[in-house]
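Have a look at the model first, then read on.

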Amino acid sequence: MKIVACNSNLPLAEKVAMELGLPLCNATVRRFADMEIFVEIHENVRGEDVFVIQSTCSPTNDNLMELLIMLDALRRGSARRITAVMPYFGYARQDRKSGPRTPISAKLVANILVEAGANRLLTMDLHAMQIQGFFDIPVDNLYAAPLFTRDIRGRMKLQGEPPLPYDAPPMDIPGGPHNLMIVSPDVGGVVRARQLAQRLNVDLAIIDKRRERAGVSEVMNVIGDVRGRYCILVDDIVDSGGSLCNAAEALMKHGAAAVEAYVTHGVLTGSAVSRVGQSPLGMLTLTDSIMATEAVKESANIRQISTAGLISRAMQAISDESSVSSLFD
């Protein structure tokens, strides 16, 4: 097995390599004066099982192009199998025609990845499950729910639960752990929220909202009794933060004791970090599928938990030809 890192999330790639006890492959990804991307791999990859770690987050097109050129370089270097490890799969929100004469960009990206040389895809919390069907190669879609479950249980410091291997702010729930409630910020995320609620054996509520236009949402109703409950919003992507912050405000207006959020991919564009800081959210917990910006690192109510252990175990399972689905538990 060889691990190659592009530039979008080097800290995560280094953690994954450390978990596997392997060095990162000696490779160069740089730009010419006109910003063309150039890739050079400085060691032999012929016949190797190669994993390329690259999230296609902002700058999305640059990071996608880096990945494509790296895949092409490995294919031409006669790698036996090339797995694109994309903790965050960009363009996933364009998974269907949203109107006349609009693209299905997620399908286009899938085609390009396969054409560039990817033999397999490993990703996490795809925005739409049907994107797996856009690929003519095997796709392993990991879930952040086990990480979130462990973190929440560890922060509640439940009796008999092993302590977390990292520092985490305690979760003091009025009335005890049974007063916890998982909340889906929209109807489309109910399946994801229900899975976490079942893992924690707690109640579920749903935010009913109406989106007037892209990036703008209006909370219409809260389905479920949240009075006096410690609410945790669960979602796959936080971009502008508008929907999440509106949902938190609606929950507080309906009598929630406190509101937090667990989100897999922290895109956080524009003034999202500031918006989260001024919102009723006591804490926003993200994974490190997207590298934290300085604003995120300095924020008092945003934190990250690592996916390196989960991704490294999935990579090992793929390399060993063993079960990846066992990691879903």
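## Salt bridges, sheets and a binding site

The count comes to 18 salt bridges, taking a salt bridge as a side-chain nitrogen of Lys or Arg within 4 Å of a carboxyl oxygen of Asp or Glu. Before going further, note that this is a predicted model, in which local features need pLDDT of at least 70 and side-chain atom pairs count only at pLDDT 80 or more, while totals for chains, interfaces and linings use all residues. Residues are numbered from 1 along each chain as its sequence is written, and side-chain values use heavy atoms, with hydrogens and water left out.

| Pair | N to O distance |
|---|---|
| Arg-31 and Glu-66 | 3.0 Å |
| Asp-95 and Arg-96 | 2.9 Å |
| Arg-192 and Asp-235 | 3.8 Å |

Take Arg-31 and Glu-66, which meet in a salt bridge at 3.0 Å. That pair ties together distant parts of the chain, 35 residues apart: Arg-31 sits in strand E2 and Glu-66 in helix H2 (residues 60-76). Helices (H or I, at least four residues) and strands (E, at least two) are DSSP runs here, numbered from the N terminus. Are the two partners buried or exposed? For these labels, buried means under 20% relative accessible area, exposed over 50%, and partly exposed in between (1.4 Å probe, protein chains only). Arg-31 counts as partly exposed because its relative accessibility is 26%, whereas Glu-66 is buried at 2%.

The Arg-192 to Asp-235 bridge is another link between distant parts of the chain, with Arg-192 in helix H5 (residues 190-200) and Asp-235 in strand E11 (residues 230-238), 43 residues apart. Asp-235 is buried, with a relative accessible area of 11%. Elsewhere, salt bridges that share partners join Asp-49, Arg-81 and Glu-321 into one network.

Now for the strands. Strands of a sheet pair through backbone hydrogen bonds, either parallel or antiparallel. Two strands pair if DSSP finds at least two bridges between them. E2 (residues 27-31) and E3 (residues 37-41) go antiparallel over five bridges, with Val-29 standing opposite Val-39 in E3. Together E2 and E3 make a hairpin with five residues between them, and Met-35 in the turn has a positive phi of about 75 degrees.

There's also an open sheet of five strands, in the order E1-E4-E5-E6-E7, with parallel pairing. Its edge strands, E1 (2-5) and E7 (139-142), each pair on one side only. From one strand to the next, the twist averages 20 degrees; axes are lines fitted to C-alpha atoms, for helices over the stretch in contact (heavy atoms within 4.5 Å), and angles run from 0 to 180 degrees between N-to-C directions. E6 (residues 120-124) and E7 run parallel, joined by four bridges, and Leu-122 has Asp-140 in E7 as its bridge partner. Helix H9 (residues 308-320) lies across E1, E4, E5, E6 and E7, at about 160 degrees to E6.

Finally, the annotation. An unreviewed UniProt entry places the feature "binding site" at residues including Asp-235, Ser-240 and Gly-242; positions follow the numbering used here, feature names are shortened, and annotations may be inferred rather than shown by experiment. Ser-240 is in the loop between E11 and helix H6 (242-253) and is partly exposed at 25%. Gly-242 is in helix H6 and is buried at 14%. The Gly-242 backbone nitrogen lies 3.4 Å from a polar atom of the Ser-240 side chain.

How values were computed:
A polar contact is a pair of N or O atoms within 3.5 Å; within protein, one must be able to donate a hydrogen and the other to accept it, and residues adjacent in sequence count only if both atoms are side-chain atoms.
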